[in-house]
Amino acid sequence: MASEDSLSSNPLLQNFNFPPFDVVDARHVRPGIRALLHQLEAELDQLEKTVEPSWPKLVEPLEKIVDRLSVVWGIINHLKAVKDTPELRAAIEEVQPEKVKFQLRLGQSKPIYSAFKSIRESSDWNTLSEARQRLVEAQIKEAVLSGIALDDDKREEFNKIEQELEKLSHKFSENVLDATKKFEKLITDKKEIEGLPPSALGLFAQAAVSKGNENATADTGPWLITLDAPSYLPVMQHAKNRALREEVYRAYLSRASSGDLDNTAIIDQILKLRLEKAKLLGYSNYAEVSMATKMATVEKADELLEKLRSASWAPAVQDIEDLKSFAKNQGAAEADSLTHWDVTFWSERLRESKYDINEEELRPYFSLPKVMDGLFRLAKTLFGVDVVPADGVAPVWNSDVRFYCVKDSSGNPTAYFYFDPYSRPSEKRGGAWMDEVFSRSRVMAQKGSSVRLPVAQMVCNQTPPVGDKPSLMTFREVETVFHEFGHALQHMLTKEDEGLVSGIRNIEWDAVELPSQFMENWCYHRDTLMSIAKHYQTGETLPEDVYKKLLAARTFRAGSLSLRQLKFATVDLELHTKYVPGGTESIYDVDQRVSLKTQVIPPLPEDRFLCSFSHIFAGGYAAGYYSYKWAEVLSADAFSAFEDAGLDDIKAVKETGQRFRNTILALGGGKAPLQVFVAFRGREPSPEPLLRHNGLLAASA
């Protein structure tokens, strides 16, 4: 047991207004988490002894327990994602099972469950606010899904499965990370990387320097290629060297599928255990368990995927034909046998010739400071909030991290957020995400204030500034920042004070992408885009013809891109509905079978993409990947409300924006998402705006 004095100084156990991200490190994790769990167990014992079916005697003490754990665990989990070290990883791995055990105990507390059921069955039920009713029903559903209604022996089996699943998904993502890190290709001959833009060469040289080639430069090399997205994508898009593209593609596709890092058996075991878990709970497959807490049902999700697939197939076939004839005109030897490592490269060439947009040439117009200014201006126009820098108010984990305060129209703070923009491959995981640090909550308010304000974090992986040049972004990265900010807004602008259903909490998983994808639409809105697209040296605005091309490029290969997402979504649902673990069909057979209807160029027989499909094996998207498309339907339809009102009518835009703020952004998990949508849109969602935005309507008509 850690000595008391070291505990009293452990930053994880202090009272803080903002997490001590600057001082927490691996040595605090074991003693800190164990002491916290010890304390929370005592609080849970106390709650179980004194619980009554009332808000003060049940919900408030419960929220305090849940909140402390999620805040403190959130700190170390976040540091693992942005400042990973072997020591931190080992410490988290060691206490993870203890934390899971406590969460299971909490989730399966009979006294708490019974108290919630008493509230549900009491004569006062109808006097509760809608948000409180949703909170109670969500707690009951969650308890049932966590095995509470099971007999003791079955519950024990259930808990074993949960522990094992947590371990497996942890191992899955570590294997992906380690396999991604393992691949390194050092290139010394510049001819081999012909076609790559200077930004990529600079990145490759930086990578080479970090691996001991201290004299590496963008011009003279050597250059180190890795499988990190900022390295992998430029190779697939720009490398003229077809053999290099093939090598990197095959390496990327076979990540974590062999040797010590092979995820195949892990996937099988995950699927087997998920099915057992579903059967224990009385469902026929894991997809049904997943849908129990979603807006969709298995049938509705299937139906939507098929509707979108049939609208996308013919355009996707045409996309490949267009590529072939284009490559042929360019005299490419591979024109008749275009395959996976050619498609991205030739699509990029066709896009450049058709729209003459070279993503790289657009970078100077999208400097991070200008993009953020424009994003914050948009938030002010639509939602009436001011985003102001508040650096220094809260400790940060890296000197590049920015801190902001969000103020309402009267100038009062309503929320705060951190923004960590740049790629740090050695310690930070790839991708972009938003997460909560604190949720808005009445119960967790500090003395003297009526509510604790929400705090979010946004993390991206952009090219870092080089020398005195700011971070210059691709248009895709601009969309990503808008996307993550949409999530953050729903967390920050919530008006719900019940902490357990405020912000993004308790929002059905397939509705949670609505505000984020909604925000992406504004990147194509002329005035919004032109206000951010200023050349970082000359200040000149993006030329009008380039904007027109960006707009046209939006629907470029829309059929193919749509199919790609539909493939992921369909294979996910198949594996969690019809697939029989240990049966005649392997996971790779399922993948190949689904691909027949969702991939114009069939996958390679040795395709092992599933081994790095972290979304469904190590993320929250199991039997839920369809949510991306489901939410795209919602968000395109929400944006079409602004189109209907008139995008150039500033008064109408502001009114519609206020309505969006007061429904989609304000109500949090306190109201069913379909009702929230109808309150905003005046009707149920339709897939038509999405197909229209993607230029796929004619095909489906």
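Q: What sort of model is it, and how are residues numbered?
A: It is a predicted model, where local features need pLDDT of at least 70, side-chain atom pairs need 80 or more, and totals for chains, interfaces and linings use all residues. Residues are numbered from 1 along each chain as its sequence is written, and side-chain values use heavy atoms, without hydrogens or water.

Q: OK, what's the strand order in the open sheet of 5 strands?
A: The order is S3-S4-S5-S7-S6, and the pairing is mixed. S3 (386-389) and S6 (433-438) are the edge strands, each pairing on one side only.

Q: How does S6 run against S7, parallel or antiparallel?
A: Antiparallel, with 5 bridges joining S6 to S7 (residues 455-462). Met 434 stands opposite Met 458 in S7.

Q: Which helix packs on that sheet?
A: H16 (residues 368-383), which touches S3, S4 (402-407), S5 (413-422) and S7. Contact means heavy atoms within 4.5 Å.

Q: Switching to H8: which residues are buried?
A: Ala 200, Leu 201, Phe 204, Ala 205 and Ala 208, where buried means under 20% relative accessible area with a 1.4 Å probe, protein chains only.

Q: And what do those residues pack against?
A: The buried residues of H8 pack against S1 (185-187), S2 (223-225) and H9 (229-238).

Q: What comes just after H8?
A: Gly 212, with a positive phi of about 100 degrees.

Conventions:
Two strands pair if DSSP finds at least two bridges between them. Helices (H or I, at least four residues) and strands (E, at least two) are DSSP runs, numbered from the N terminus. Axes are lines fitted to C-alpha atoms, for helices over the stretch in contact, and angles run from 0 to 180 degrees between N-to-C directions. Buried means under 20% relative accessible area, exposed over 50%, partly exposed in between (1.4 Å probe, protein chains only).
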